[in-house]
Amino acid sequence: MSAITRFGIRLEPRPDRPRWLVWAVPVCSFFAALLVGAVVLLVTAQNPLSTYLRILERGFLDQGALSGTLVAATPLLFTGLCAAVAFKIGFFNIGGEGQFYMGAIFASGIALSYGDDLPAWLAILSMIVAGAIGGGIWAAVPGILRAYFKTNEIITSLMLNYIAGIIATYLIFESESFWRELDGTGAVFPKGKVIPLITWWPNLDLGSLVIPFGFLLGIAGAVWLAVLQRRTRFGYEMRVVGGAPTTARYAGMRPSRIIVIVAAISGAFAGLGGAADVGNFRHVLDPKGLQQSGFGYAGIVVAALARLNPLATIFVAVILGGITNAGYALRGPDFPSGLVGTLQGLILFCTLGGEVLVRYRIVRTASTSVAVKAAGS
Amino acid sequence: MTSNGLAGAATAIAVAAFGVSKRFPGVIANQDVNFDVRVGEVHALLGENGAGKTTLSNILTGLYRPDDGHLEVAGLSVEFDTPRDAINAGIGMVHQHFRLVPTFTVAENIALGAKLPSERHIPNLREIEERVSELANRFEMPVDPRSRVWQLSVGEQQRVEILKVLYRDAKVLIMDEPTAVLTPIEADVLAGTLRSMVDQGRSVIFISHKLGEVMSISDRVTVLREGRSIGTVATSDTSRQDLAQLMVGRTIERVERRVTDVPASGPTVLEIAGISADGDRGLQALNDVSLHVRRGEILGVAGVAGNGQRELVEVLAGLRARSSGTITVEGEPFDRMDARHPIHLGVAYVPQDRLGTGLAGDLSIEENLILKKYRRRPVSGGPFLRTSVIRSEAVALMDRFDVRAPSPQTPTRQLSGGNVQKVLLAREMSGAPKVLVIASPTQGLDVGAVATVHGLLLEAAEAGVGILLVSEDLEEVRALADRVAVIYEGSIMAVLDAQDATIERLGLLMGGSRDAGDKS
Amino acid sequence: MSFNDNLLIVIAASAIFYGTPLVFAALGEILAERSGVINLGVEGMMLLGAVSAAWVATNVDGPAGVVLPLALLAAMIAAGMGAAIHAFLTITLRVNQIISGLALTIFAGAAGLSSYLANIWNLGQAPIVNQFNRLDVLGLADMPLLGPILFHQTLLTYLSWSLVIGASFYLFRTRAGLHLRSVGESPQTADSVGISVAGYRYFHVILGGTFAGIAGACFSLSIVPTWADGLTSGQGWIALALVIFGFWRPDLMLVGAYLFGALSSLGFTLQARGVGISLAVLSALPYAMTIIVLVLVSTSSARRHLGAPAALGKPYEREER
């Protein structure tokens, strides 16, 4: 009845999803994010072009940059898998952060209690198991609460992040625990005990490229998860529970049990990341360093960008690892610390928005026909 | 300007559509639809499922804008950008799936929407409640304006929907399949209400696919077929047969009544003894229900929606706990609430909510076909699924049950209603069940798919499956069932043999009157 | 030691002081969720608000009476813009609300935009001079018992009270509130009577964001008052839990917010008194209590009738055909 010609956009579901679109959209979203990021940089008086070039150089192109990138990518790969497996069944585990800490606490605990007389492979294996158990238990709590008490897992898993951080801080700064170095400078400035050399994880040295063992472990985890999801009965149950919980019950599945198991798997991935952090990189329980890194939250970005696909997670982890690595290398007055997180957030926003283009067609709603208008007035 | 305003009150046009078309991706929902509704008449829009009735009503109420054509209200061309425009133009709709907020009171629901000139900015609920009561009395639709909508029966909720439209003083009421949720008696009461509304100078657009009620309630009928308006006729000048012809475009093959060749003493496959169970709100929904189904027999369960049918089938599928009673399948009891148990005992179950419960909509046809056998060989070997077996079984089943889809990998959400039901039946029947529990098997399907589904059910019974058929469609129950049980407020009122199950007796029983049942 | 130094009175007074940002943030989230949109970006929006308020408070010259309102306004605009991104993604583009909200928190959060802005603005070098100080309302601050609790708070607390009263009235007494609730409960119904579902959702998500901005300003201008990355320390997430705890009602939420305010302040208060409880236990208490309270609320039978808006988290689209 109004005389104003309205126009707007409407989303229509696509009957088919062309293959090229599935690839083109994320790539375009990525560049769109860089464009928006450039605006943010410009507004805050930074030069976007040189900033991006330096990220590219320090993250990927410089001598040894890729090795550093793989170091940064390893925890992201694990926390990415953590979010990917859980989100896939609609269990929004955002406790990857705390599960990562718990993995680090458990793995360093095992490593510290290790004598020199046992073989190195056993040390590493037991750290892997301990890390997975630590993270798995920490994630099983929100899993059980969600499955059997219908408690919102987003908030519970997040609260457990803070509690895990407090536990780690307590172990090093507020107690004289087994994890804390009490000799030498450690008696004055609290810090963690360095784990025995025999428990340090190896690196695969290819000359120009050094691949951490933890990264290879992450790839193995991603492949394992991909097979689990696509080829097994349990993977099938996960798909049904994730997409149609009512149907799962109808088919005689046990959604509660599946949620708890998947929660534990999810936490185990993050816990492995924590174990790798101790075994491969820091060789010490470092609560401050862990909490500043925010690997758990970044893992959500990784998983979302990878569309919860385990194999794509490897690729995305390397890309974001490169940006993170460059961020470490460049940190300084004209490359402030929050920039990496801001760029990650922008990439995520653009990908989320871009994904809509894969699922829907954007249609301009028809403008009003003038002839009919005239008849009415 | 096509105003008939001068032609006198008797033929004044309340609302009319001229060449209205509406396309959706891949579908033409309305194509060149023309019709006009006079002031003071009940005008039926008749058409089968998918004929475009709902799209047309959504255009009339401003939810959609037509791609072509236009509407006129009282002779003036109008264009609705939003539902509010339609409401302001005096068009109100009573939806088939009620548009009510369950947690609100009746008065709050009615107050929802733009402020009327007579109302204050800060709504005074007491005042609204009084006006609702007044209105309810005037149209003889008793309802307590202070009760919460979720506490009301379906019939009462429909009254609220009608009052909501009358409260805004709508001149034209669109009723979408209003009798689908009512007992035959309630439907008669509704017909009276509609009559009194048109007598007071309003118009009613009555959307239906049921010939009987269109013949008895409406003054004129516009028939829709495949999105087009086929023509408008005065009800007094036409017959059921003519309308059916117009609606379907060919003579309808009526489902043949099945000749009962099941010996009355045949072995019982499903025995339900004295089961009681609670509904979702914790109130008792099933009260001491006892039924049995023999081998190769179809037992119909008739009743108005919401009288315990859903709870009954869910108990049978192991999805709802029961407080008492036993269920045995060929003498084997199942007692735990566990969906695996009845599946294991050979109870197939096709739920009413096909895409929400029976299938996982995002998963492919082949993935849905293994839903009940993925744990066993040959579909799985150890912890792994065998993709090649799954694929070849899917192809075979799709062929046998005539599932039309681009490929076995097509997500079931993209299938038409008929193909969805065929996928479900393919999966359930392929498990060689002893018992088939099926709820509203043809609801929402077009005529062709209805015939296919009915054929499959008769075929299954022929093969010795005992079928428990729950349906609100009396014609369907009467056409297929050997015996008919009537459920009312969670109790079985009576079990009639097919030849005794006349519409009249079933109608009385469905309304809770035991007299009819006691005679048998 | 005066009567008002009594431990319980001190705890009650600081419960209100520390609970105030929770009230703002949770009230904003109640409005958004009543419209059917979950916004997990509360923490991120709070940090955006905190950093913007801190910038204004350090860089704008003038009397506190001018600077502080400007700082609040800046906080509301910044956080409201964050909320607008979430609104656009979830309402127009129908992106999953949970993922979008998380993205907002990651984008704006402790390691994101708020930290970036604080860095380039050189906040965090010195305490912020313009602060919301505790007032002596009607000269009653020294009144026994009620003085420190009710009459010796900052202006922000009194603002939060008036917003809670206003929001309750709005939700349950006005036509717009009725419409808002119908949009969250049954968008189909609202749409069919001509209420703009998208309009109501946009408005309340953004309004909720501005409240989160004020909550953030509470930290940078009153509680902490200096800049540190992530200075809200997860209070935004506790606010989300409070919405559930308060059954989506402002009045019940207020009670919860002060309970958690008491827990948050317990550490400082008890330590100042030399009570020998481990700092780790005390600082973990609010987080652990959040979990426990959520479990209790989600299992209680009350949930059935006072539960979440029925359409919460679901994008609305008119069904086709």
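Residues are numbered from 1 along each chain as its sequence is written, and chains are lettered from A and ligands numbered from 1 in the order in which they are written. In this predicted model, local features need pLDDT of at least 70 and side-chain atom pairs count only at pLDDT 80 or more, while totals for chains, interfaces and linings use all residues.

**Sheets**

Helices (H or I, at least four residues) and strands (E, at least two) are DSSP runs, numbered from the N terminus. Two strands pair if DSSP finds at least two bridges between them. Angles run from 0 to 180 degrees between N-to-C directions, with axes as lines fitted to C-alpha atoms, for helices over the stretch in contact.

| Sheet of chain B | Strand order | Pairing | Average twist |
|---|---|---|---|
| Open, six strands | 6-7-8-3-9-10 | mixed | 20 degrees |
| Open, four strands | 2-1-4-5 | antiparallel | 25 degrees |

In the six-stranded sheet of chain B, strand 6 (91-94) and strand 10 (228-234) are the edges, each pairing on one side only. Strand 7 (residues 172-176) and strand 8 (residues 203-208) of chain B run parallel and are joined by five bridges. Here B:Val172 is opposite B:Ser203 of strand 8.

Two helices lie across strands of chain B, where contact between residues means C-beta atoms, placed from the backbone, within 7 Å. Helix 8 (residues 240-248) lies across strand 3 (42-46), strand 9 (220-225) and strand 10 of chain B, at about 30 degrees to strand 9.

In the four-stranded sheet of chain B, strand 2 (27-38) and strand 5 (76-78) each have a single partner strand, so one side of each lacks a neighbour in the sheet. Eight bridges link strand 1 (residues 13-24) of chain B to strand 2 in the antiparallel sense. B:Arg23 faces B:Ile28 of strand 2 in this sheet.

**Domains**

Chain B is assigned domain 1 (1-90 + 171-245), domain 2 (99-169) and domain 3 (292-518), with bounds from an automatic or database domain assignment. The C-alpha centres of domain 1 and domain 2 of chain B are 24 Å apart. Ten residues of domain 1 of chain B are in contact with ten residues of domain 2. On the domain 1 side, helix 2 (83-88) and helix 6 (184-199) of chain B are the elements giving two or more residues. Helix 6 of chain B gives the most, with four residues.
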